[in-house]
Amino acid sequence: MSKTKKNSEIDFQLVQIEQTGFSLNIPEGFKTVQGFQFRVSLESFINAEKKRLVVTNRIDVRDGSDTPILGHLIAKYHFDLIGIEHIKQNKKGKHLIPDELQLSVNTIALSTTRGLMFAQFKGTILQGAVLPVIDPANFSVNEAED
């Protein structure tokens, strides 16, 4: 169980890791020229009924910005929320995820996805496509769909 520092009334726990998508599209005879480029997205979703925060991490790997996608991975991370009643809501009733909670779950999602990618790409031409260290604050949002 982890607590956010500023919002000590909110605990969270990673309860499920789900790989929901994976593909390789490596042309015959492919050799990387420019090094790998990564398109990374993180989306957060709160299911208030289940008291759960779900973070979806999508990664596309290319050899260059205009090249086709060589590898693709989607993973979902399910966090139980204890103290969800302490998470504020906007006027429309959507939860406003505290910045510190969002930062924590983003960090967990990015680092775990890096490991999933390493395991999936091992033994392929994408074995060297290791997701670089990314600042999880770049993906922070404070509103999540219910």
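Me: In the hairpin of S3 and S4, which residue takes a positive phi?

Reply: This is a predicted model, and in it S3 and S4 pair in the antiparallel sense over 11 bridges. The hairpin that they form has 4 residues between the strands. The positive phi there, near 55 degrees, belongs to Lys51.

Me: Which residue is the bridge partner of Leu53 in S5?

Reply: S4 and S5 run antiparallel and are joined by 10 bridges. For Leu53, the bridge partner in S5 is Phe79.

Me: How many of the residues of S4 are buried?

Reply: Across the chain of 146 residues, buried residues make up 36%. S4 is largely enclosed by the rest of the structure, because the buried residues in this strand of 11 number 8.

Me: How far apart are the end C-alpha atoms of helix H1?

Reply: Helix H1 covers residues 99–121, which is 23 residues, and at 1.5 Å a residue the helix should span 33 Å.

Me: Which strands are included in what covers the buried residues of H1?

Reply: The buried residues of H1 include Leu101, Val105, Leu110 and Phe121. An α-helix has 3.6 residues a turn, so residues three or four places apart point the same way. The cover over the buried residues of H1 includes strands S2, S3, S4 and S5.

Note on methods. Residues are numbered from 1 along each chain as its sequence is written. This is a predicted model: local features need pLDDT of at least 70, side-chain atom pairs count only at pLDDT 80 or more; totals for chains, interfaces and linings use all residues. Side-chain values use heavy atoms; hydrogens and water are left out. Helices (H or I, at least four residues) and strands (E, at least two) are DSSP runs, numbered from the N terminus. The expected span of a helix is 1.5 Å times one less than its number of residues. Buried means under 20% relative accessible area, exposed over 50%, partly exposed in between (1.4 Å probe, protein chains only). Contact means heavy atoms within 4.5 Å. Two strands pair if DSSP finds at least two bridges between them.
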